Amino acid sequence: MALLEIEHLKKYFPSPRGMVHAVDDVSFSIQKGETMGLVGESGCGKSTLGRTIIHLLDSTDGTIRFEGQDVTHPDKKGLAKLRENMQIIFQDPYSSLNPRLTLRDTVMEPLKLSGRFTKAELEEETTRLMELVGIEKRFHMSYPHELDGGRRQRVGIARAIALNPKFVVCDEPVSALDVSIQAQILNLLMDLQEEYGLTYLFVTHDLSVVRHISKNISVMYLGQMVETGPTNELFNHPLHPYTKVLLSAIPTVDIHNKKSRILVKGEINSPINPKPGCRFALRCPYAEKKCHEPVQLTEVSKGHFCSCCRVHEIHS
Ligand SMILES: Nc1ncnc2c1ncn2[C@@H]1O[C@H](COP(=O)(O)OP(=O)(O)OP(=O)(O)O)[C@@H](O)[C@H]1O
Ligand SMILES: [Mg+2]
């Protein structure tokens with residue numbers, strides 16, 4: 001069953017130079033208990049999409065369905081319930097943690113605010129959460145600045161899962177961490193997913209990070225989804241020229257399998273009042289005149305969608 005279904009979602013921001021089309025007609029769904037990887041270069045709208053889905057931002061247009069219910073425009077009570085069910089883990093937990101609270105108080109805070117626990121339960125539940133995310137006892141009374149990035153992110157995770165959410169947006173949760181710590185945090189997120197049946201939207205600009213943890217991957221380019229499909233399919237048979245560029249940029253350790261990095265040149269379409277047609281066309285080596293006409297995400301093989309109007313010609 002799809003936990004989350006997004007249809008034609010848009011989020012525009014007004015700016016002095018015109019409307020920023022940060023998320024522009026994006027549709028996809030995520031099955032319960034699964035991870036959807038969301039990749040694309042800086043500024044393509046990944047965070048905006050994640051934040052709009054969980055109602056940290058109001059959507060401009062489109063529909064958000066959660067557990068089959070239309071939750072696009074919730075009332076106050078509905079929003080409070082959604083806030084419990086949908087959470088976010090940020091890239092930099094430091095900026096989202098109160099510097100004056102100990103770790104223990106930080107983790108306890110969302111539990112306290114929920115008003116659901118007695119004092120004894122609060123203590124017990126806080127201890128359970130701290131253990132669950134692997135914060136050693138000796139750090140419980142420390143302050144955020146006394147911690148390394150990995151432990152700070154564990155605190156961010158504890159807060160996010162404190163009230164048993166069903167859906168969590170992980171917005172580049174390991175991008176700021178050392179590579180050795182990244183794996184630990186990814187493992188923690190996967191363990192929690194298994195134990196609690198969590199559903200993740202995992203945002204990253206780094207395709208190699210999501211390869212092993214995502215069932216499906218979606219690729220965004222300038223506010224639009226250009227390709228979405230099962231992870232292996234996307235890695236083995238990338239369809240959209242932009243996805244190929246992203247994949248060619250992943251460094252390989254295998255010296256016999258040296259990929260040639262595809263370089264793209266050309267003018268970059270702007271997210272402010274963008275030109276019609278494929279937004280990658282201005283940089284695409286395969287672009288033709290027809291690429292500047294409106295294009296839609298269409299299914300090319302089972303569950304594998306692409307928005308390139310030349311996809312069949314390129315792959316024949
Ligand atoms: N509050 C805002 N007001 C105006 N424009 C915004 C706002 N938030 C984001 N944008 C613009 O929307 C577009 C998408 O930004 P967003 O932060 O979602 O990208 P991103 O893919 O998360 O990038 P990154 O990888 O750098 O985190 C950008 O052009 C950005 O400048
Ligand atoms: Mg972002």
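In the predicted model, helix α4 (residues 103-114) packs against helix α6 (residues 149-161) at an angle of about 25°, and their axes lie 7 Å apart. α4 is therefore roughly parallel to α6, a term for angles under 35 degrees. The crossing of α4 past α6 is right-handed, that is, the near helix is turned clockwise from the far one by less than a right angle. Axes are lines fitted to C-alpha atoms over the stretch in contact, and angles run from 0 to 180 degrees between N-to-C directions. Helices are DSSP runs of H or I with at least four residues, strands are runs of E with at least two, and both are numbered from the N terminus.

Ligand 1 is surrounded by 13 residues (a heavy atom within 4 Å). The closest are S42, G43, K46, S47 and T48. By class, the shell holds five nonpolar, five polar and three charged residues, with Gly counted as polar. α1 gives the largest share, three residues.

Polar contacts are pairs of N or O atoms within 3.5 Å. A polar backbone atom of G43 is 2.7 Å from an oxygen atom of ligand 1. For a backbone N or O atom of G45, the distance to a ligand 1 oxygen is 3.0 Å. The side chain of K46 places an N or O atom 2.8 Å from an oxygen of ligand 1. Taken alone, ligand 1 exposes 640 Å², of which the protein buries 61% (Shrake-Rupley method, 1.4 Å probe). β2 (18-31) and α1 (46-53) are the elements that give two or more residues to the shell.

Residues are numbered from 1 along each chain as its sequence is written, chains are lettered from A and ligands numbered from 1 in the order written. Local features need pLDDT of at least 70, side-chain atom pairs count only at pLDDT 80 or more, totals for chains, interfaces and linings use all residues, and side-chain values use heavy atoms, without hydrogens and water.

Notes. A polar contact is a pair of N or O atoms within 3.5 Å; within protein, one must be able to donate a hydrogen and the other to accept it, and residues adjacent in sequence count only if both atoms are side-chain atoms. Angles under 35 degrees count as roughly parallel, over 145 as roughly antiparallel, 65 to 115 as roughly perpendicular and the rest as oblique.
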